[in-house]
Amino acid sequence: MTALAAAVDDLAAQDLHGLSDAVRAERVLQLRRLLDRLEGHWLNELAGVDARSAAGAEDGVQAGSTAGWLRGRLRMGAAAASNAVRTARACSPAPSPEPVRP
C-alpha cells in the first residue's frame with residue numbers, strides 16, 4: 001500500500017502543462033483503466049471485510065454494519081455505501097464448500 005500511495009503522490013506532483021494533447025488524452029484513458037482495476041481490488045477487499053464482519057477492526061471495535069462503517073470512516077453517502085457493499089458481495093466468489101471428511 002505504501003508503494004501505491006507513493007506512486008499516486010508522484011503522479012500528483014507531475015507537471016502536466018508541457019504535455020501534448022495526445023499524451024494527455026492517453027493518460028486519461030490509462031488512469032481510468034487503472035482506477036477500474038483498483039476499484040476491483042477494493043471491492044474484493046471490501047467483500048472480505050464484510051464476510052468476516054471485520055468492519056471497525058482497525059479501531060478494535062465491531063461496526064454495526066459494513067455500510068455504516070463506510071459511511072462513518074469514508075464519509076460516503078448512505079446509498080453509495082450500501083451500493084458498494086452490495087456490489088462487493090455480488091462480485092465476490094462464493095466460498096468453496098468444505099470437503100467432506102470420511
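R32 and D36 lie four residues apart in helix α2, so they are separated by about one helical turn. Their side chains meet in a salt bridge, 2.9 Å from N to O. The model is predicted: local features need pLDDT of at least 70, side-chain atom pairs count only at pLDDT 80 or more, and totals for chains, interfaces and linings use all residues. Residues are numbered from 1 along each chain as its sequence is written, and side-chain values use heavy atoms, with hydrogens and water left out. Helices (H or I, at least four residues) and strands (E, at least two) are DSSP runs, numbered from the N terminus.

**Salt bridges**

- Five salt bridges turn up in a search of the whole structure; the term requires a side-chain nitrogen of Lys or Arg within 4 Å of a carboxyl oxygen of Asp or Glu.
- In the R32–D36 pair, R32 is partly exposed at 46% relative accessible area, and D36 is partly exposed at 45%. Buried means under 20% relative accessible area, exposed over 50%, and partly exposed in between (1.4 Å probe, protein chains only).
- An α-helix has 3.6 residues a turn, so residues three or four places apart point the same way.
- E26 and R33 form a salt bridge in which the closest N and O atoms are 3.9 Å apart. E26 is partly exposed, with a relative accessible area of 35%.
- A salt bridge joins the side chains of R73 and D59, at 3.6 Å from N to O. This pair links distant parts of the chain, with R73 in helix α3 and D59 in the loop between α2 and α3, 14 residues apart.
- A network of salt bridges links E58, D59 and R73.

**Nonpolar core**

- The largest nonpolar core has 11 residues in all: L43, L46, A47, A55, A67, W69, L70, A81, A84, V85 and A88. Two or more residues of this core come from each of α2 (21–51), α3 (66–74) and α4 (78–91). The helix that gives the most to this core is α4, with four residues.
- Such a core is a set of buried Ala, Val, Leu, Ile, Met, Phe, Trp, Tyr and Cys residues joined through side-chain atoms within 4.5 Å.
- A67 touches A81, S82 and V85, not counting residues up to four places away in sequence; contact means heavy atoms within 4.5 Å.
- T66 belongs to helix α3 and counts as buried, at 7% relative accessibility. Apart from neighbours within four places in sequence, T66 is in contact with L46, D50, A55 and V85.

- Helix α1 has 12 residues and the number buried is zero, so α1 lies largely in the open.
- The end C-alpha atoms of α1 are 16 Å apart, which agrees with the 16 Å that its 12 residues should span at 1.5 Å a residue. The expected span is 1.5 Å times one less than the number of residues.
- M1 sits in the segment before α1 (2–13) and counts as exposed, at 80% relative accessibility.
- M1, L4, V8 and L38 form a nonpolar surface patch with about 420 Å² of accessible area together. Patches are made of residues with over 30% relative accessible area and no salt bridge, with like charges joined within 9 Å and nonpolar side chains (Val, Leu, Ile, Met, Phe, Trp, Tyr) within 5 Å. Accessible areas come from the Shrake-Rupley method with a 1.4 Å probe; for residues, only the protein chains shown count as cover.
- L19 is in the loop between α1 and α2 and is partly exposed, with a relative accessible area of 30%. Leaving aside neighbours within four places in sequence, L19 is in contact with R24 and R27.
- The C-alpha atoms of L19 and A57 are separated by 44 Å, the two residues being 38 residues apart along the chain.
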